[in-house]
Each structure stands twice: as C-alpha cells, then as structure tokens.
Amino acid sequence: MLSLSLSSPNPRYCLSNPFSLSTNNPRLHVFTNDQYDGVGITSPEEPIVTPVGLHRELMPKHVAVIMDGNRRWARSRGLMPQAGYLAGVGALKVVVDLCRKWGIQVLTVFAFSSDNWLRPKVEVDFLMRLLESTLKNEVASMSRDEIRVSVIGDVYKLPKSLRDFITHCENTTKNNSRFNLVIAINYSGKYDIVQACQSICQKVKDGEVEPEEINELMIDNELCMNSMRFSDLDLLIRTSGEIRVSNFFLWQLAYTELYFTETLWPDFGEDELLRAFHNFQQRRRRYGG
C-alpha cells in the first residue's frame with residue numbers, strides 16, 4: 001500500500017505496490033458541494049500564525065500552485081518519474097500545512113492538466129492511482145484538521161474508482177471551515193472558458209438571456225469554481241523555472257500576481273513559500289489604476 005500522510009512531518013513513500021485501476025463506465029463528474037459562506041474561518045483551538053517578516057493584512061487569501069518539476073527531480077537522482085510524483089505529494093503536505101497555519105483561505109493546486117494525457121500510459125496510470133490513494137489516505141486527517149477538499153476540472157476520463165472517491169472526499173469534508181484545498185484534475189483553462197460560453201449560448205437559445213446581457217460576471221458565474229464562493233486568485237506560484245501559465249486559470253489570472261521559482265516542486269518548502277509571500281507583499285496591486 002502506498003503510504004504518505006499529509007499530517008506527518010516526515011512523509012515516506014513506497015514504489016513497490018501496484019494499484020487496481022477501474023476505467024469502466026466513465027462519466028462526467030458533477031460537482032455537488034453546497035455553496036459555502038465560512039471561507040477562511042479559523043478554529044478557535046488553533047490560532048493563525050503570521051511568520052516573522054510578513055504582515056497579516058497583506059497575506060494573500062487565495063494562492064494557486066503549478067506543481068512542476070517532479071520528473072526532473074527524479075531524473076536528477078537517477079530515479080523513475082514515479083519517485084518524483086511521490087516526493088511531490090510530500091511537498092504538497094508541507095505547503096498545505098503551512099498555508100493552513102498561516103491563515104490562507106484557499107490553496108488551489110494544478111494536479112493534472114488535460115494535456116497530461118499525452119504522457120506515457122504507465123505514468124498516467126500511476127498518477128491516477130496516486131491521486132486516489134492520497135485522497136484515501138488523507139481524508140480522515142483532513143477532516144480532523146478542518147480542511148475542505150474540492151475538485152475542479154472535466155474529470156469524465158478519470159477512472160470510476162477515483163471519481164467515486166472524489167465525490168466521497170468532497171462530501172465528507174464539505175462542512176470543514178479552517179482551510180480550503182482545491183485540486184484541479186484534468187483541468188484546462190481554455191476548456192473552462194469554452195464550456196462557460198456553451199452554457200451561456202444555451203441560455204440564449206432557451207430565451208433565458210439576451211445576447212446584450214452577457215457580461216464578465218455572467219462568464220465568471222459559469223466557470224468551474226462558480227459555486228464555491230472563493231475569493232479571487234491573488235497569487236500564482238510556478239515551480240521548476242518554467243515561465244508560463246500552461247493553460248491554467250486563463251480567465252481568472254487577469255489581475256493575479258505571478259511568482260516563478262527555479263526550485264523543483266519536490267524541493268519546495270517553507271523557505272521558498274516565505275520568499276513567494278514576501279515577494280507578493282512587496283508589490284503594489286493597482287488593478288489597472
């Protein structure tokens with residue numbers, strides 16, 4: 001069994017055990033999370049900690065991360081790509097824990113792009129099993145830590161067992177109020193905009209909306225995060241030295257601050273997160289003004 005706990009300060013991982021993978025009867029995942037008004041509320045048992053050198057009032061509310069560099073991390077050590085992905089889950093544990101403690105309201109992570117299906121099948125199959133196993137291993141601890149989990153993306157191609165557990169994980173954690181972890185799986189920024197346009201076109205066709213009534217807010221409301229009432233994205237972090245957004249949140253990044261680091265994702269930890277937040281707090285956000 002693959003074991004890697006988001007609650008453990010010293011994650012361990014094992015490459016030896018295979019997982020069963022069911023691909024029968026794929027269907028489009030329908031998000032059932034209720035709208036939630038308690039974003040960012042902190043449990044009284046665990047007060048927010050503001051790191052030295054940072055200002056509480058300038059902390060980002062919503063942070064997104066493109067977790068890049070797992071395969072390069074593994075290759076640099078003479079390991080198979082799977083080792084890099086497993087180490088990347090450990091890095092995610094660290095970042096989730098720090099963001100939760102520092103009072104960040106929402107962390108969105110780009111776990112699997114719709115373009116990632118082009119990778120070798122053995123690698124994709126491993127990622128599907130890893131996603132499912134990680135959610136199964138962590139759902140209990142995330143519930144204890146008051147972490148709400150939501151999944152965004154067009155996940156009709158995912159294995160049925162993974163889709164089913166995504167639904168279970170969302171339903172199990174939907175009332176948690178300490179911290180929000182959003183996982184983008186089979187997500188495409190272009191498709192997100194296309195499906196929003198298709199939905200609005202259908203409403204025009206049905207006579208519910210006039211073409212001249214279409215505006216930015218209407219498009220916002222049709223995007224994948226429309227039902228979650230999360231704050232706008234403040235900061236996007238991309239690891240591994242690549243300076244591009246790779247089809248992630250193309251509409252939502254309009255006024256997001258971008259931070260790029262050479263650090264490979266499995267090596268990303270507290271020091272690098274502090275640098276990103278410090279850099280963010282030095283910027284003056286004008287929003288066009």
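Let me start with the core. The largest nonpolar core has 50 residues, and the members that touch the most others are Leu107, Leu181, Ile185, Ile237 and Phe277. By nonpolar core I mean a set of buried Ala, Val, Leu, Ile, Met, Phe, Trp, Tyr and Cys residues joined through side-chain atoms within 4.5 Å. Buried is under 20% relative accessible area, exposed is over 50%, and partly exposed is in between, with a 1.4 Å probe and protein chains only.

Apart from that core lies another, of 17 residues, including Val106, Phe230, Leu233 and Leu253. As a general remark, nonpolar side chains tend to be buried together in soluble globular proteins.

Before going on, the source. This is a predicted model, in which local features need pLDDT of at least 70 and side-chain atom pairs count only at pLDDT 80 or more, while totals for chains, interfaces and linings use all residues. Residues are numbered from 1 along each chain as its sequence is written, and side-chain values use heavy atoms, with hydrogens and water left out.

Back to Phe277. Setting aside neighbours within four places in sequence, phenylalanine 277 contacts Leu54, Met59, Pro60, Val63, Cys99, Trp102, Ile104 and Leu235; contact means heavy atoms within 4.5 Å.

Now the overall layout. The protein has seven helices and six strands, in the order β-α-α-β-α-β-α-β-α-α-β-β-α along the sequence. These are DSSP runs numbered from the N terminus: H or I of at least four residues for helices, E of at least two for strands. Of the 289 residues, 48% are buried. Among contacts with a separation of 6 or more, 81% are between residues 24 or more positions apart.

Which residues of H5 are buried? They are Gly189, Asp192, Ala196 and Ile200. Seen down the helix axis, the buried residues fall within an arc of 65°, so they line one face of H5. The arc is taken over the directions from the helix axis to the C-beta atoms. The buried residues pack against strand E4 (179-187) and helix H6 (216-222). On the face turned away from the buried side are the exposed residues Lys190, Cys201 and Lys205.

As for the ends of H5, serine 188 caps the N-terminal one, with a side-chain oxygen 3.4 Å from the backbone nitrogen of lysine 190. After the helix comes glycine 207, with a positive phi near 80°.

On cysteines: the structure has zero disulfides, a disulfide being a pair of cysteine sulfur atoms within 2.5 Å. Cysteine 197 is in none, and the nearest cysteine sulfur, that of cysteine 201, is 6.4 Å away. Cysteine 197 counts as partly exposed because its relative accessibility is 37%. Cysteine 224, at 15%, is buried.

Last, helix H4, residues 160-173, which holds threonine 173. Is threonine 173 buried or exposed? Its relative accessible area is 0%, so threonine 173 is buried. Beyond neighbours within four places in sequence, threonine 173 contacts Val139, Ser143, Ile147, Arg148 and Val149.

Serine 161 is also in H4, and is partly exposed at 23%. Serine 161 and glutamate 132 are 29 residues apart in sequence, and their C-alpha atoms are 7.8 Å apart. Their side chains are joined by a polar contact of 2.9 Å. A polar contact is a pair of N or O atoms within 3.5 Å; within protein, one must be able to donate a hydrogen and the other to accept it, and residues adjacent in sequence count only if both atoms are side-chain atoms.
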